[in-house]
Amino acid sequence: MGARSGGYDAAFFPKLAALEAGNFWFRARNRLLLRLLARHAGHVRDYLEVGCGTGFVLAAVAERFPGWRISGSEFLADSLPYARARVPRADLLQLDARALPFDAGFDAIGAYDVLEHIDDDVAALRSIHQALRAGGIAALSVPQHPWLWSEQDVAAHHVRRYARGELEAKLRAAGFSITWSGSFTGVLLPLMVLSRLRPRRPGAAHDPLAELALPRPVDALLDLAMRIEGALVACGIRLPLGGSRVVIARKAVHA
């Protein structure tokens, strides 16, 4: 398999694995996802993360829910050694999200910032639906707002940013009902807009991982902002705008 396939650069994995734990965005996303899984996926025995990357979310899920049987899949095998090191007990597989070889095999499936890399995201959602048991939960996050499109999306090999309501509509078309939907990083949206409008020095190469390596005081301040957003979400407030959209969807009990 080549260095780039399935919308990812394999060369980024070692750098990404080294940066994730030290970046507020990844920590904040984990906190939100774990809160939502605890609230909506209490019945889970078998959990699969599609596009698990280096295993940063998978490790958090495995620690938070020690009774779950944990599996992770990736289109690129290059990331799986990093996931293995983080989650030794997980069953790790190289799979295409559009053609998961499972029929009602899992109670919950997560796909976190994965669908935006896939041309046929509807096929991936149908595949996830088939792989879930009746009543199963799909937990998804995607980048939101096409007007935020920038060279950062190009460098990350995104196919799209989702318009508000787009992911929910595609989930319903795939057979899901929507249980929860909300924006993520809404409190930081002005900073995101400014960072994407800021001109780059002429001739400077764009490093898609550069914005992850923040000075510790800056990271701590942004982490505090995201903790405030998390507290708002925990109180039932759903922000209308945000750099990402997080959705919890359910497969019908009698599907």
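Predicted model: local features only at pLDDT ≥ 70, side-chain atom pairs only at ≥ 80, totals over all residues.
Biologist: How are helix 2 and helix 3 oriented to each other?

Modeller: The axes of helix 2 (residues 24-40) and helix 3 (residues 56-64) come within 10 Å and cross at roughly 40 degrees. Angles under 35 degrees would count as roughly parallel and those from 65 to 115 as roughly perpendicular. Helix 2 and helix 3 are therefore described as oblique.

Biologist: Which residues of helix 3 meet helix 2, and how many nonpolar residues does the contact have?

Modeller: From helix 2, the residues that take part are Phe26, Arg27, Arg29, Asn30, Leu33, Leu34, Leu37 and Ala38, and they meet Phe56, Val57, Ala60, Val61 and Arg64 in helix 3. Sorted by class, the contact of helix 2 with helix 3 has three charged residues, one polar and, as the number asked for, nine nonpolar.

Biologist: Which element gives the largest share of the largest nonpolar core?

Modeller: This core has 43 residues, of which Leu37, Tyr47, Leu58, Val61, Trp68 and Ile70 touch the most other members. Elements that give two or more residues to the core include helix 3, strand 7 (132-143) and helix 9 (216-234). The largest share, nine residues, comes from helix 2.

Biologist: Leaving aside neighbours within four places in sequence, which residues are in contact with Tyr47?

Modeller: Tyr47 is among the residues that touch the most other members of the largest nonpolar core. With its neighbours within four places in sequence left aside, Tyr47 is in contact with Leu37, Leu58, Val61, Trp68, Arg69, Ile70, Ser71, Phe106, Ala108, Gly110 and Tyr112.

Biologist: Is Ser79 buried or exposed?

Modeller: Ser79 is found in the loop between strand 4 (69-74) and helix 4, and, not counting residues up to four places away in sequence, Ser79 touches Phe13, Gly53, Thr54 and Glu74. A residue counts as buried under 20% relative accessible area. Because the relative accessible area of Ser79 is 0%, Ser79 is buried.

Biologist: What is the handedness of the crossing of helix 5 and helix 7?

Modeller: Helix 5 (residues 121-131) and helix 7 (residues 166-173) pack with their axes 9 Å apart and at an angle of about 50 degrees, and the two helices are therefore oblique to each other. The crossing of helix 5 and helix 7 is right-handed.

Biologist: Which residues of helix 5 and helix 7 make the contact?

Modeller: By class, the residues of the contact of helix 5 with helix 7 divide into four nonpolar, no polar and two charged. They are Asp121, Val122 and Leu125 of helix 5 and Leu167, Lys170 and Leu171 of helix 7.

Definitions and conventions: Residues numbered from 1 in each chain as written. Heavy atoms only, no water. Axes fitted to C-alpha atoms, helices over the stretch in contact; angles between N-to-C directions. Helix = DSSP H or I, 4+ residues; strand = E, 2+ residues; numbered from the N terminus. Parallel < 35°, antiparallel > 145°, perpendicular 65-115°, else oblique. Contact = heavy atoms within 4.5 Å. Nonpolar A, V, L, I, M, F, W, Y, C, P; charged D, E, K, R; others polar. Core = buried A, V, L, I, M, F, W, Y, C linked by side-chain atoms within 4.5 Å. Buried < 20%, exposed > 50% of the residue type's maximum accessible area, 1.4 Å probe, protein only. Left-handed = near helix turned anticlockwise from the far one by under 90°.
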